[in-house]
Amino acid sequence: MAYKYRIYPTGPQAEFLSGELREACSLYNAAKQERDDAWKTCRKSINYYDQANQLKAMRADGCLTLSNFSCCQDVLRRVDKTYQAFYARLKHGDKPGFPRYRSARRYDSITFPSYGDGCRLLDNGKLRVQGAGQIKVKLHRPVEGIVKTVTVKREAGRWFAILSVERDAAPLPASDRAIGIDVGLNSFAALSDGTEVPNPRYYRTAEGRFRCAQRKVARRRNKKSNRHRKAVRLLQRAHAHVRHQRADFQHKLSHQLVKKYGLIVVVDLNVKGLSGGMLAKSVHDAGWNSFIQKLSYKAECAGRVLVKVDPCGTSQTCVCGASVPKTLADRWHDCPACGLSAGRDVVSAQVILQRAGTRPSGANVGVIVPYVA
Ligand SMILES: [Zn+2]
């Protein structure tokens, strides 16, 4: 679990932290370049340890001024991860993009991988960061559990500390209620109890503001001016606002579900080779995945069971097992066999719930993927 707190560095502290980010970014890019060069010139692949072994000498030479040693290691680990992910996807048969250089403007966080080494919370409620001193923190909620790592992050001109913690599960009283959830076609989600959760309209509402802010950026042609920088900041803030609203909505919804139900069944949109009918729903992918992520860790912490099932064909069958073919335009489900009449997404949510419990026989057997932490 991670806690995110706003921190308020003073002017010089913010200046220092920005410098650390720049330094981390150039280390990242240098490490990437070294890997690429070694491969191009002598077909040698360099791993994390090869690079980490050079850190000491680099710091002694003064060409690496990042204050904390473990922070440097973390940067190299990030590079390593990017390459590992790239090779894993190659192996998997995908066409991944080659790891890229990062721009200093977008490189916005450094991680202290072991708590207490270079960064820790003091008893006086401040965050001590190596080189920057004590930074004011807004601890809007207590930290529960053992802090493992701290990430200092810059977001649209604001600074945050993200504390990842390991904490014991806090199981909720057992519940024998179960619910199935499907991605809605026109709603965010449909529940098997008949509720449809509407899509939040944050983006729609903010569009006007985005356009206005975007025009302001475009009008200020001198990209190095303060006026341009301020306009960019305004645009970033507008986007951050919507991002926060969306996260808030997902946190609240997942919290409600976990509180109420002992068994939660969702569709797994990451199943390979989704049928054509699912394409229309893939527009939701990004939002859906982050929602499932929040649901997962909340369920795990509360001792709830979360099951992911194959979404294939859920909109084409009825809970009674009869096949009820529908096109994307059909909003309503009318079963000729059992007479069930309900919204299409609600019925598919019910089918999803069914797939987790009893394995139906026949053509539409769902692959049941139990949730693994
Ligand atoms: Zn039926």
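Here is a short walk through the structure, from the whole chain to a few of its details.

This is a predicted model, in which local features need pLDDT of at least 70 and side-chain atom pairs count only at pLDDT 80 or more, while totals for chains, interfaces and linings use all residues. Residues are numbered from 1 along each chain as its sequence is written, and side-chain values use heavy atoms, with hydrogens and water left out.

Let us begin with confidence. The score used is pLDDT, the predictor's confidence in each residue, from 0 to 100. Its mean over the protein chain is 87, and 91% of the residues reach 70 or more. Please take care with residues 358–373, where pLDDT stays under 50. For that stretch the model has 23 contacts beyond four places in sequence, a contact being heavy atoms within 4.5 Å. Where pLDDT is low, the predicted coordinates should not be read in detail.

Now step back to the whole chain. Its C-alpha trace spans about 80 × 50 × 50 Å along the principal axes. The secondary structure comes to eight helices and 15 strands; helices (H or I, at least four residues) and strands (E, at least two) are DSSP runs, numbered from the N terminus. Of the 373 residues, 40% count as buried. Here buried means under 20% relative accessible area, exposed means over 50%, and partly exposed lies in between, with a 1.4 Å probe and protein chains only. Among contacts with a separation of 6 or more, 65% are between residues 24 or more positions apart. Lys56 belongs to helix H3 (residues 55–61) and is exposed, with 64% relative accessibility.

Next comes the metal. The zinc ion has Cys318 (SG), Cys320 (SG), Cys335 (SG) and Cys338 (SG) as its protein donors, at 2.2 to 2.3 Å. Donors are N, O and S atoms within 2.8 Å of the metal (3.2 Å for Na, K and Ca), and water is not among the atoms, so sites may look incomplete. Along the sequence, the donor residues follow the spacing C-x1-C-x14-C-x2-C. The angles among the four donor atoms run from 106 to 112 degrees, and the site is tetrahedral. The ideal angle for four tetrahedral donors is 109.5 degrees.

Grid points are joined across faces, edges and corners, and a volume is the space filled by probe spheres set on the points.

The largest pocket has a volume of about 1400 Å³. It is lined by 34 residues, of which Ala2, Lys4, His251, Lys294 and Tyr297 lie nearest its centre. Two or more lining residues come from each of strand E1 (2–8), strand E6 (146–155), E7, H6 and helix H7 (285–302). H6 gives the most, with 10 residues.

As for cavities, there is one of 30 Å³ or more. The largest cavity has a volume of about 40 Å³, and its lining is made up of Glu155, Ala156, Arg158, Phe160, Arg237, Ala240 and His244. Strand E7 (158–166) and helix H6 (226–260) each give two or more of these residues, and H6 has the largest share, with three.

Glu155 sits in strand E6 and is buried, at 9% relative accessible area. Beyond its neighbours within four places in sequence, Glu155 touches Lys4, Phe160, Arg243 and His244. Ala156 is in the loop between E6 and E7 and is buried too, at 14%.

Ala156 also has a positive phi of about 50 degrees, although it is not a glycine. Most residues other than glycine have a negative phi. Arg43 likewise has a positive phi of about 50 degrees. Arg43 lies in the loop between helix H1 (11–42) and helix H2 (48–52), and is exposed, with 57% relative accessibility.

How values were computed: Four donors count as tetrahedral if all angles lie between 85 and 135 degrees; four count as square planar and six as octahedral if opposite donors are over 155 degrees apart and all others between 65 and 115; anything else is irregular. On a 1 Å grid over the protein atoms alone, a cavity is a set of points where a 1.4 Å probe fits but cannot get out, and a pocket is an open set with protein on both sides within 12 Å along at least five of seven lines; lining residues have an atom within 4 Å of a point.
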